[in-house]
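Welcome! Please open the structure in your viewer and get ready to select a few side chains, one stop at a time.

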Amino acid sequence: QVQLVESGGGLVQAVGSLRLSCAASGHTASTDAMGWFRQAPGKEREFVATISWRGDNTYYADFVKGRCTISRDNAKTTLILQMDSLKSEDTAVYYCAASTKLYLHITEYARMNPYDYWGQGIQVTVSS
């Protein structure tokens, strides 16, 4: 089992920045790629960014490219999402996720199905 706990959310003004963290514990050695998803009120959960198990490969949703950076430590215990130039439409609950499945291409992790573990989510509110 792997436990994921997000932190760093809150209220921020538009064009500001926010840094989300995800602390992983338990059997983290079994995890492969990790990712961030978000869910706005009345909408489905959507992919934001993912990073490979070695941290050397990343993939982003088009709506965050150039504004967000995903990173992780070598011990696989911390996942980071640095968000800059925030917009009101970035307001959502953000979820950290971890996969134990191995796919050839990083783009395979841009969907919910590969992920086995999820955090409880953290609110990010961007005021315009």
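Start by selecting Arg38, which is buried, with a relative accessible area of 5%. This is a predicted model, so treat each stop as a look at that prediction. Is Glu46 buried or partly exposed? Glu46 is partly exposed, at 31% relative accessible area.

Together with Arg38 and Glu46, Arg67 and Asp90 belong to a network of salt bridges.

Next, move to Arg54 and Asp56. Their side chains meet in a salt bridge, with 3.7 Å from N to O. How accessible are the two partners? Arg54 has a relative accessibility of 54% and counts as exposed. Asp56 is exposed as well, with a relative accessibility of 54%; the cut-off for exposed is over 50%.

For the last stop, select Lys101 and Asp116. Here the salt bridge brings the closest N and O atoms to 2.6 Å. Both residues lie in the loop between strand E9 (92–98) and strand E10 (117–118), so this pair ties together parts that are 15 residues apart in sequence. Lys101 is partly exposed, with 29% relative accessibility, and Asp116 is partly exposed too, with a relative accessible area of 32%.

Definitions and conventions: Residues numbered from 1 in each chain as written. Predicted model: local features only at pLDDT ≥ 70, side-chain atom pairs only at ≥ 80, totals over all residues. Heavy atoms only, no water. Buried < 20%, exposed > 50% of the residue type's maximum accessible area, 1.4 Å probe, protein only. Salt bridge = Lys/Arg side-chain N within 4 Å of Asp/Glu carboxyl O. Helix = DSSP H or I, 4+ residues; strand = E, 2+ residues; numbered from the N terminus.
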